[in-house]
Amino acid sequence: MKRTLVWFRQDLRLADNPALSHAVASGRVLAVYVLDTTNHSDTDNALSHVAETGLGSASAWWLHSSLVQLKQATEGHLLVVSGDPRYEIPKIAKQYDCDGVAWNRCYHPWQTERDTEIKASLIQQSIEVNTFNGSLLWEPWTVLKKDGTPYKVFTPFYRKGCLASQEPRFPLPVPDNIEWIETDSEYTVSDMKLLPTLSWGEGLAHQWQPGEEGAKQRLQVFLNGPLDSYHNDRNLPSITGTSMLSPHLHFGEISVNQIWYAAKGAKHGNMDDPGLDCYLSELGWREFSYYLLFHFPALPKQNFQQKFDRFPWLKDEHTLTAWQKGLTGYPIVDAGMRELYETGYMHNRVRMIVGSFLVKNLLLDWRHGERWFWDTLVDADLASNSASWQWIAGSGADAAPYFRIFNPITQGEKFDSEGDYVKRFCPELSKLPKKYIHKPFDAPSEILAHCGVELGDNYPKPIVDLKASRQRALDAFAKTRG
Ligand code: FAD
């Protein structure tokens, strides 16, 4: 009977796991997770913060909980290790007498480089290697324009390149009768020391249930309700109008194929259903982000549009800290930044508002925002985070035009018209009438006093003037045309 090492990575699940199904079909399975502690700075300096050693704090918390769940799901047989997979995977395969190693592919530049090396070294030891697509609907090299070059614009990528090509792979069930290979390691998930030293994780635990079961439940809740009006409600941060599946997807506790087919099934395959069409196209944006990162590996560190290399970003620790702490004096921005810190998540509409505020009103480099999100988001994802930050900065592929500068007051009034979202995360403003909830600085002093708001004391005065900072941003942009 064959013995296959299944290397779990961003696929922390048993269902629809092609590598696992392959291994089970051929014999016994050794389940392994390696926390990659290598410093990738020697291969790519600017990307060093994204190596797993540089996991953001919120992601590290999630990973801990997800691995605990996976260990249970494997009846305690998951072997966890910290170290360099280049060394650990061949060593463990040999130690446990495996004839094969299988994994689902990852697409980050440093991962593909690492995995190629590992594959070569295993083959040299006469160990069979099988790799699979477990994370994307369409792998990046399968979707190209007629001239063989990659798409740079979302709509043709998605509609012509993806939808008009092959149907995505249909999801696989949890394999029957998995025969796990016993392991003898005493090293545990806790030994990886992923949990934050601060009590921050407690707030996250209230909000989330990492693991395959938690992902399944989230999907069901979404299909039973929000999917119907997703196209409208996805923009309203005060309600749960979206699926909240992003961290589960990032860690692969559920596959995008499972979500794709479950959503289509819930609407009987009616692609004209506006909720379904809109939702599937958001999954398409995730594909596009991975696609861009694969074809343009410098995306997390370099402007996609080179003219932005001339952009005169400011250096200002004071405004950056105010933004990070949710103390800018603009309620929708502050609510978003506080939601992020309290829950490890921020609503997509608000991510766009706070992003625009950082790069345009504060004129700070998008990489500051990308890094803060990296540390604090439970769904921090190199592809989606860097593509989205470049989109909002105007420097990315198919990006928002630079002159589209979100006004946090009008955005707040439009998408949080009752102010419920702001009141939840900025409780010091909760007594303000709707008229002033997005602009407390315009409220008459008697109203502020009556509502217990002391600007500059228990809530900040605006750190920039919107009109002046908008003009400053447009002037700065003009310099990139040079
Ligand atoms: P839903 O609305 O339910 O969408 C379903 C899924 O589609 C999401 O789970 C996600 O996987 C994908 N998706 C939705 N919108 C986008 C998008 N614009 N780009 C790429 N994928 C998308 N998403 C991340 O997963 N990780 C990040 O690090 C990340 N950083 C972002 C940074 C900025 C500045 C912005 C503007 C957006 C970022 N996003 C990121 C995209 C988006 O905000 C989140 O995917 C979404 O808010 C997650 O919530 P949800 O699961 O309820 O999404």
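The ligand sits in the largest pocket. This is a predicted model.

**Around the ligand**
- The shell around the ligand holds 26 residues, and Tyr230, Thr242, Ser243, Met244 and Asn348 come nearest.
- H11 gives the most, with 6 residues.
- By class, the shell has 13 nonpolar, 8 polar and 5 charged residues.

- A polar backbone atom of Ser246 lies 3.0 Å from an oxygen atom of the ligand.
- In Asn385, a polar side-chain atom is 3.1 Å from a ligand nitrogen atom.
- Arg351 has a side-chain N or O atom 3.4 Å from an oxygen atom of the ligand.

**The largest pocket**
- Its volume is about 1200 Å³.
- It is lined by 44 residues, with Glu282, Trp285, Asn348, Ser384 and Ser388 the closest to its centre.
- H9, H11, H14 and H16 each give two or more residues to the lining.
- H11 supplies the largest share of that lining, 10 residues.
- The lining divides into 22 nonpolar, 15 polar and 7 charged residues.

**The second largest pocket**
- This pocket has a volume of about 230 Å³.
- Of its 16 lining residues, Leu14, Ala15, Glu212, Glu213 and Lys216 are the closest to the centre.
- Helices H2 (57-73) and H7 (212-224) each give two or more residues to the lining.
- Its lining has 8 nonpolar, 4 polar and 4 charged residues.

Notes
Residues are numbered from 1 along each chain as its sequence is written. This is a predicted model: local features need pLDDT of at least 70, side-chain atom pairs count only at pLDDT 80 or more; totals for chains, interfaces and linings use all residues. Side-chain values use heavy atoms; hydrogens and water are left out. A residue is near a molecule or strand if one of its heavy atoms lies within 4 Å of it. A polar contact is a pair of N or O atoms within 3.5 Å; within protein, one must be able to donate a hydrogen and the other to accept it, and residues adjacent in sequence count only if both atoms are side-chain atoms. On a 1 Å grid over the protein atoms alone, a cavity is a set of points where a 1.4 Å probe fits but cannot get out, and a pocket is an open set with protein on both sides within 12 Å along at least five of seven lines; lining residues have an atom within 4 Å of a point. A molecule sits in a cavity or pocket if more than half of its atoms lie within 2 Å of its grid points. Helices (H or I, at least four residues) and strands (E, at least two) are DSSP runs, numbered from the N terminus. Ala, Val, Leu, Ile, Met, Phe, Trp, Tyr, Cys and Pro count as nonpolar, Asp, Glu, Lys and Arg as charged, and the others, Gly among them, as polar. Grid points are joined across faces, edges and corners, and a volume is the space filled by probe spheres set on the points.
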